[in-house]
Amino acid sequence: MRIANLSGRLVLVVDGRAVDVEEASDGRFTADPQAVYERWEEFREWAAQARLPEGADFDPGHLDAPAPAPRQVIAAGLNYRDHAAESGFALPENMPPVFTKFATSITGPVTQVTLPPGGHTDWEIELVAVIGSRAHHVTSEAAWDHVAGLTVGQDLSERITQLDGPAPQFSLGKSFPGFAPIGPCLVTPDEFDDPDDLGLRCTVNGEEVQKSRTSDLIFSVPELIARLSSVLPLLPGDVVFTGTPAGVGLGRDPQRWLAPGDELISTIEGIGELRQRFTAAT
């Protein structure tokens with residue numbers, strides 16, 4: 001099953017067309033894309049047996065984030081060996097570095113992003129998991145049962161702010177407006193042959209800068225959820241960025257940053273793509 005946020009309304013995406021959930025369910029479920037996660041299991045059961053009307057064509061530019069207002073956004077760092085190496089850090093052993101991207105940074109899949117003046121803005125493609133039921137002290141074996149679905153994310157990062165001061169400001173440097181695009185849709189785990197092995201790829205102006213598979217994650221999606229939930233409850237609709245592979249601008253020689261006019265395209269197998277265009281601040 002694929003769901004999306006089309007101009008602020010929850011839709012099912014069937015054969016590339018959008019079915020409005022509130023209308024198709026005769027009001028049983030609201031149009032609010034975030035509210036569905038509080039009733040995820042009920043929604044999933046309804047969608048599996050519902051007689052849906054024919055969907056409508058839609059413009060991908062009108063899609064917004066499939067989880068636009070989570071209570072928690074949790075992000076993992078250094079969760080690929082090659083990215084830890086290019087960043088000059090040791091591999092995490094018990095838990096990857098964890099930070100937040102503040103929820104105001106979340107946007108949809110096709111956007112224009114204003115570059116912070118004087119900054120060094122970098123790209124980080126990531127698989128993103130959205131929580132479908134409360135997870136607290138869950139095992140890795142049970143963790144997939146708490147995941148509503150997967151989507152594509154960009155952990156855009158302004159490195160000067162991120163690394164400033166005596167203690168790094170990861171959360172601030174990664175939370176400028178528009179720095180957390182996610183989408184284009186949410187895909188349930190059962191849609192994949194293997195949800196633990198998805199190809200991901202990122203290009204800047206058509207040049208491939210990142211390419212990997214999620215099977216290379218140090219802490220897989222279920223293992224990451226198990227370890228996070230050993231500390232704090234994960235709530236329905238929470239967004240979890242799972243880490244990025246090698247190829248970011250920070251790890252290059254010479255280092256490379258996004259510039260006005262650049263186009264960043266981030267793709268994950270079986271889900272779709274994000275498309276960001278960057279502009280200078282005025």
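Glu223 is partly exposed in this predicted model, with a relative accessible area of 23%. Its side chain meets that of Arg227 in a salt bridge, 2.8 Å from N to O. Arg227 is also partly exposed, at 25% relative accessibility. Why can these two residues reach each other along the chain? Both sit in helix H7, residues 221-229, and being 4 residues apart they are separated by about one helical turn. As a general point, side chains of opposite charge can pair when their charged atoms come close.

Arg71 forms a salt bridge with Glu38, and the closest N and O atoms are 2.6 Å apart. Arg71 lies in the loop between E4 and strand E5, while Glu38 lies in the loop between helix H1 and H2, 33 residues apart. Arg71 counts as exposed at 53%, and Glu38 as partly exposed at 49%.

The other pair is Arg17 with Glu54, with 3.5 Å between the closest N and O atoms. Glu54 is exposed, at 70% relative accessibility, whereas Arg17 is partly exposed at 26%.

How many salt bridges does a search of the whole structure find? The search finds 21. Some residues are linked in a network of salt bridges: Lys101, Asp122, Glu124, Asp155, Arg159 and Lys174.

Last, the largest pocket. Its space is about 250 Å³. The lining has 20 residues, and Leu78, His83, Ser87, Gln162 and Phe170 lie nearest the centre. Helix H3 gives the largest share of that lining, 3 residues. By class, the lining has 8 nonpolar, 6 polar and 6 charged residues.

Terms used:
Residues numbered from 1 in each chain as written. Predicted model: local features only at pLDDT ≥ 70, side-chain atom pairs only at ≥ 80, totals over all residues. Heavy atoms only, no water. 1 Å grid on protein atoms, 1.4 Å probe; cavity = no way out; pocket = protein on both sides within 12 Å on 5 of 7 lines; lining within 4 Å. Points joined across faces, edges and corners; volume = space filled by probe spheres on them. Helix = DSSP H or I, 4+ residues; strand = E, 2+ residues; numbered from the N terminus. Nonpolar A, V, L, I, M, F, W, Y, C, P; charged D, E, K, R; others polar. Salt bridge = Lys/Arg side-chain N within 4 Å of Asp/Glu carboxyl O. Buried < 20%, exposed > 50% of the residue type's maximum accessible area, 1.4 Å probe, protein only.
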